[in-house]
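Have the model open as you read.

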Amino acid sequence: MRILYYPPVPSHRPEGTMRCGAHTDYGTITLLLQDSLGGLEIEKAFSSTGKFFELPLAVKEKYDRLDGQGYLAVDRQKLGGDSKKHELRESFDVEFCFNRYPDEEIPDFGASVVHVMTALDELSDKLILALQSALGVENNFLVKAHSRKREPTGNHTLMRILYYPPVPSHRPEGTMRCGAHTDYGTITLLLQDSLGGLEVKTRSGAWVPVPPLEGAVLVNVADLLQRWTNNQLIATEHRVMVPATEHLQKLPRRSIAYFVHPDDDVMVEPLDGKGSLPPVNAEDWLNKRYKETYQY
């Protein structure tokens, strides 16, 4: 794991100054440390959205998932591939077109979510541009492939507000907070609270913890970026385990993920034109992965 800090850029600097030259990253994740994320108040966002998950289930189900957006109760999505294993996790998914915020119950919920989502989307634009440059992609291809992220149709980039409730002392064997999986699109931007529990799988197959760092945005490689780079960048397999201590088990865990996807009509294939990976349609790939995990 590599932790990177990019200090403010001086106004007077040598021509050709870069924050990071083109390279092949053999790790699985990168941490970007920012002094701020466009003034993003992470704790305020966690606080306002966290109040929603503390509401009675009947109230939360008024905002149940519809057309890929809204509330998901515990065990509605099994990411670990085993439908019999318990995954203690709730979530609320939104895209920029979403208009069913629970502002009646939590007045600042919608405004807080839009603020976070806008800041993360602006950061994702910078990262895609940086990837395009580092990979030597011509004709602005990667930027154009993500041009409809904020439009009501044509792209399924979304933000997921995640809530992991306290873990009951009596629970089925094998219970997890989030099963091992890779994300489906291009990259994922992740904000964590201070509780911890996230683990990633290294190239050697070992699981290692990713301790939360204040002000950090975690960037994961996802499936379609792995395909675009012809397996040079490997999608980050990750999971969230039940804490080992009883004290931490009694505390809820919170995180916010911004899943960046290509536009629906984009065909994804190795950018270098080599290898045996066949092209896949971005929307078809996403729907395939959803069918493998959602429990209805």
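**The second largest pocket**

By class, how many residues in the lining of the second largest pocket are nonpolar, polar and charged? The lining has 11 nonpolar, 3 polar and 3 charged residues (nonpolar being Ala, Val, Leu, Ile, Met, Phe, Trp, Tyr, Cys and Pro; charged Asp, Glu, Lys and Arg; polar the others, Gly among them). A quick note: this is a predicted model, with pLDDT of at least 70 needed for local features and 80 or more for side-chain atom pairs, while totals for chains, interfaces and linings use all residues. Numbering runs from 1 along each chain as its sequence is written, and side-chain values use heavy atoms, leaving out hydrogens and water.

**Rings that pair up**

A pair of aromatic rings is described by the distance of the centres and the angle of the planes. Here, rings of Phe, Tyr and Trp (its six-membered ring) pair if their centres lie within 6.5 Å; planes under 30 degrees apart are stacked, over 60 edge-to-face, the rest tilted. That rule gives 13 aromatic pairs.

Take Phe52 and Tyr71: they sit edge-to-face, 5.8 Å centre to centre with 75 degrees between the planes. Phe52 is in helix α1 and Tyr71 in strand β3 (residues 70–72), so this pair ties together parts 19 residues apart in sequence (helices are DSSP runs of H or I, at least four residues; strands of E, at least two; both numbered from the N terminus). Phe52 and Tyr71 are buried (under 20% relative accessible area, 1.4 Å probe, protein chains only).

Key
Buried < 20%, exposed > 50% of the residue type's maximum accessible area, 1.4 Å probe, protein only.
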